[in-house]
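Subject: Structure handover

Hello,

Here is the structure for you to look through. My notes on what was found in it follow below.

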Amino acid sequence: MKKINAFVLLLVSAFFIFSCKINFNEFGLDTNTDSGLLNIPEGKTLVTVNFSLFNSFSKIAGIPDFSSLDIDKYVLTAKADGQTTKTVDLTAGATAANILLVNDIEWTIIIEGKNASGKTVVKGENNFTPTAVANSLTVKISPYQQTSKDGTPIPGSIKLNIEFPQEDCTLKVDWYIDETLQGTVNADVRTENVTKVFEASSVEPGIHRITLKIVNSKQSSEVINKVYDLVVYSNMESKLWHNNSTPQEKITLTTDDIIPVTLEDYAFYVLGDSATNLTGTPESVAQKVGKKRAIQFDTIQEAVNAIEDADPDGKYKSCIYIDGMVMSNAPSGASEIVRIGNGINTPHIFIKGYNNTAAIFNLDYATDNTRIITVNSNANVEIEGITLMHGNISENGGGIYCKGKLTFSGGITNCSAKYGGGLFCESGDIDFKGEISSCTVNYLGGGIYIKSGTVKVHDFEINQNSASNSAGGVYINGDSSVKAIFEDGKFSKNIAKKGTGGAITCAAPLGSDNGDYIYNACCKNVQFIENKAEGNSTNEGQGGAIFVYAGKYLALIDCSTERNTAEQIGYGTEKYNGIYNSGIIYFGNTVDIQDGLHVNSAVRLASNVIPADGKNVIATIYSSSYTEGKEVLKAYSGSLTSDMISYFQLSNPNWKIDTNGKLNQLPAASGDGTISFENDTLQFSLDKTTVASISDTLSISLDITDSSGSISNYNPSTIESVIGDFTIKVFCGGTEVTSDNISGFKIENGVITIPDTMPDDDYTITINGKYISNGQGISANLYFKVQR
C-alpha cells in the first residue's frame with residue numbers, strides 16, 4: 001500500500017510541473033518559446049515573493065489610510081554580488097511575484113510602490129538565500145521604512161514648519177516625540193504671524209505622536225495640547241497626518257489652537273415664554289452673545305448641572321443666558337427651582353437675563369413650597385438682569401437663600417417666607433443691586449434677613465415689603481460676623497405690622513473697624529420715606545423707619561427720614577417717628593431726620609455732621625424720659641462743639657442740651673410760676689396766668705381771678721382794665737431786645753414776633769404789673785430758646 005501511495009504522489013507532482021504554463025510577460029523570466037513552458041535551469045530556483053503593506057512600528061491607534069498614497073505600480077528588484085540585477089514591474093493590485101534566482105547566494109529582494117510620477121512612496125526589502133527546498137519569502141512593505149542588509153531600520157529626521165497666528169500674546173511651546181521632550185520654542189505673535197521650525201534627527205522610522213504643549217501669556221495657567229500623527233521615513237522627508245487627512249508639509253494654527261476654548265467660551269441658554277432674542281440656531285446665539293459655542297437647555301437646573309459636572313472647582317466663569325420668562329416648578333425632590341453648588345464643589349456660574357428683561361417665575365406659588373434660588377456654600381454665583389417672582393416657602397428666603405458668594409443685579413418681587421421674604425443670608429458674601437418689593441414674612445425681615453456674613457446692598461429700592469413682626473424692610477441679626485452696608489438707595493412704604501423698625505431693625509454688634517462705613521451696620525446716602533411700625537403692645541410700634549436694639553450699632557451717613565410713623569411712640573396726630581434708638585447710632589456728613597428721633601441712648605456725632613441744605617436742625621429729639629444729666633449727644637471722636645449741639649432741638653423746650661451733650665432743665669418761672677409742655681405748645685402759668693408759644697410767635701394771654709373768685713380771660717389789649725402798669729419785655733443775656741437792636745422784632749397786643757434775623761440763643765420774657773383792685777404786684781419770667 002505504501003508503494004502505491006508514493007507512486008501516485010510522484011505522478012501527480014510530475015503532472016503539475018509539466019502541465020503548468022507560466023506566462024513569460026508576467027514574470028519576465030527565460031522560457032521555452034516553442035512550448036511556452038518555463039525552463040528552470042539546474043542550480044536555480046523559482047522563488048515566490050509575497051508582499052503587502054505592513055505597519056510594525058505604529059505607536060498609536062488609528063493608522064492613517066495608505067490608500068491615499070496613490071500607488072500606480074510595484075517594482076520588484078533582486079540584487080546579489082556578482083549577479084545580474086533582476087527587475088520586474090507589477091500592477092498596483094499585485095500581492096506576489098515569482099523570480100528565478102541562483103541558488104546558495106544571498107539576494108537582496110526589494111519591493112517598491114511608485115506613484116504615477118515614478119516617486120517611491122512605499123518600500124520594503126529582505127535578504128534571502130534560495131536553495132532547492134527554500135523557494136519562497138515574504139517582504140514586509142512599510143510606507144516609511146528602509147532597512148540595511150542586516151535588517152536594521154535606517155533612521156529618518158523631522159523638520160516641521162508650524163505657523164502661529166497673530167494674537168496679543170507671546171507663546172512658549174514644549175514639543176514632544178511620543179512622550180519624550182525634544183525642546184522648547186518661543187514665539188512672539190503680538191504683531192504678526194510667526195512660523196517656527198521644529199527639527200529632530202536620527203528618528204526611528206514609523207508613525208509617531210507629536211505633541212505641542214502651548215502656553216500663552218494671556219492664560220499662563222492654561223496648557224493647550226495639540227497632537228499630530230507624524231510619519232518618519234527612512235532617508236525621506238517626514239509626512240504629517242492630522243485628523244486622518246492627507247499629508248501636510250506645513251501646519252497652520254488658528255487662534256483657537258493657541259487660545260483654548262473653555263467653558264467661558266460657551267453660552268448655555270434657556271428660552272422662556274415670549275423669548276425673542278435667542279431663538280435662532282446655536283451658532284447664531286453664540287455670535288449674538290459674543291461666545292464661540294452655544295448649547296440650549298430646557299431648564300436652568302439642567303444647565304447648572306452640566307456646568308458643575310464639567311467644572312466642579314469653578315476654574316471658569318460659565319454663563320447661562322435667560323431669554324423671556326422662565327415659568328418653572330422645582331425639580332422632583334427639591335425645594336427650589338435652581339440649586340447651585342452642593343457645599344463641597346466650588347462652581348462659578350453667571351446667570352444673565354438677555355437685554356435685562358428675563359424673569360424666573362414659580363408656577364405653583366399659590367400652593368407650592370418652593371423658593372426660586374439656593375446658593376450653597378462654596379458656590380460663586382452672579383445673577384444679572386433677572387427678576388425673581390413668586391417664591392413661596394415655609395422656611396427662609398422666598399426669593400434667594402444664600403450660604404455662598406452671590407453678586408445680584410435685578411429684582412425680587414412677591415416672594416414670601418418665614419424669615420427674609422426676598423433674600424435670606426445664612427452666611428457668605430452678597431453684593432446686591434436692584435429692587436426688592438412686595439415681599440412678606442411670617443416673622444422678621446420682609447425684604448432681607450441677614451443672619452451672618454457680609455451683605456452690601458447698593459443702588460437699590462426696598463419698598464412695600466412687610467413683616468408680621470419686626471423689620472418690614474431689613475432685619476440685621478446680632479451675629480458677630482455680620483457686616484451690612486446699604487448705600488445709594490431708598491426704603492419706602494415698608495411695614496412692621498406688630499413690631500419695630502418699619503424699614504430696618506438692627507441688632508448688629510460693633511464688630512471691627514469698618515473703614516468709611518464706621519460700624520458693621522451702616523446706611524450711606526439712603527432715604528427712608530413713609531415706612532411704618534405698627535402695634536400698641538410692648539415692644540411694638542416703635543421706630544417708623546429704624547429701630548436699634550440696646551447695645552447694638554448702626555451708622556447713618558448722608559441719610560434722611562421723612563413721614564415715617566410709629567403707632568406707639570409716634571408724635572403728633574400723624575404719629576411721626578423716624579428713628580427709635582436704644583443702642584449706638586452714628587450720624588455723619590449731612591443728616592436730615594424730619595420725623596423725630598427717639599433717644600434712649602446718646603447719638604454719636606461725627607465732627608463733620610451738618611443739617612441738610614437750607615435747614616438749621618438735624619433732628620428734634622424725643623427723649624424716653626427727661627432726666628437731669630441724661631446724655632443724648634456724644635462726639636464720635638474728640639469733643640462736642642456748640643455747632644453740633646445747636647443742630648438738635650428738644651421736644652420739651654423746658655430743657656436744653658448742655659456742652660457735654662446732657663439734658664439740663666431750664667430754670668422755672670419766678671414767683672409761683674410753673675412751665676410745662678403739652679400738645680406741642682409751651683405753657684407757662686403763674687397765678688392762673690398762661691403764656692403759649694406757637695410757630696415763630698409767642699402769643700400771651702392771661703386768665704385772671706378777680707375779687708369775686710371768678711376766672712376771666714383777658715388778653716394784653718384789655719388787660720390794663722384789671723392790671724395796672726402792665727409790661728412785657730424780652731431780654732437776652734441781660735440786654736433788652738427791641739426793634740432797635742434786632743430788626744423786625746416787636747411786641748404788639750401780647751404777640752411777640754421773632755424775625756429771621758433774631759439770633760439763636762436763650763431768651764427771657766418778663767411780665768410785670770399790679771392788680772388795680774388791691775394794688776398787689778405780679779411778675780413772671782418766661783424762658784424760651786430760638787433755634788432753627
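Predicted model: local features only at pLDDT ≥ 70, side-chain atom pairs only at ≥ 80, totals over all residues.

Residues are numbered from 1 along each chain as its sequence is written, and side-chain values use heavy atoms, with hydrogens and water left out.

Salt bridges

R563 meets E530 in a salt bridge, 2.9 Å from N to O (a side-chain nitrogen of Lys or Arg within 4 Å of a carboxyl oxygen of Asp or Glu). This pair links distant parts of the chain, 33 residues apart: E530 is in the loop between strand 38 (521-529) and strand 39 (532-533), and R563 is in the loop between strand 42 and strand 43 (565-566). Helices (H or I, at least four residues) and strands (E, at least two) are DSSP runs numbered from the N terminus. E530 is partly exposed, with a relative accessible area of 31%.

The whole structure has 18 salt bridges. One of them joins E336 and R371, with the closest N and O atoms 3.6 Å apart. E336 lies in strand 20 and R371 in strand 23 (residues 371-375), 35 residues apart. E336 is buried at 2% relative accessible area, and R371 is buried at 4%. A network of salt bridges links E336, R339, R371 and E395.

K218 also forms a salt bridge, with E167, at 3.3 Å between the closest N and O atoms. K218 is partly exposed, with a relative accessible area of 47%, whereas E167 counts as buried at 18%.

Chain totals

The protein chain has six helices and 64 strands. Of its 788 residues, 50% count as buried. Among contacts (heavy atoms within 4.5 Å) between residues at least 6 apart in sequence, 66% join residues at least 24 apart.

Helix 5

In helix 5 (residues 300-310) the buried residues are I300, Q301, A303, V304, I307 and E308. Seen down the helix axis, they fall within an arc of 160°, so they line one face of helix 5 (the arc is that of the directions from the helix axis to the C-beta atoms). D309 and A310, on the other side of helix 5, are exposed. The buried residues of helix 5 pack against several strands, including strand 16 (266-271), strand 18 (318-323) and strand 20 (336-340).

Cores and cysteines

The largest nonpolar core has 90 residues, and I476, F486, F587 and F648 have the most contacts inside it (a core is a set of buried Ala, Val, Leu, Ile, Met, Phe, Trp, Tyr and Cys residues joined through side-chain atoms within 4.5 Å). A second, separate core of 27 residues includes I162, A187, V189 and L212. Leaving out residues up to four places away in sequence, I476 touches I450, F486 and A521, among others.

The disulfide count is zero (a disulfide is a pair of cysteine sulfur atoms within 2.5 Å). For C439, the nearest cysteine sulfur is that of C415, 4.8 Å away. C439 counts as buried, at 0% relative accessibility, while C732 is partly exposed, at 21%.

Regards

Technical notes. Buried < 20%, exposed > 50% of the residue type's maximum accessible area, 1.4 Å probe, protein only.
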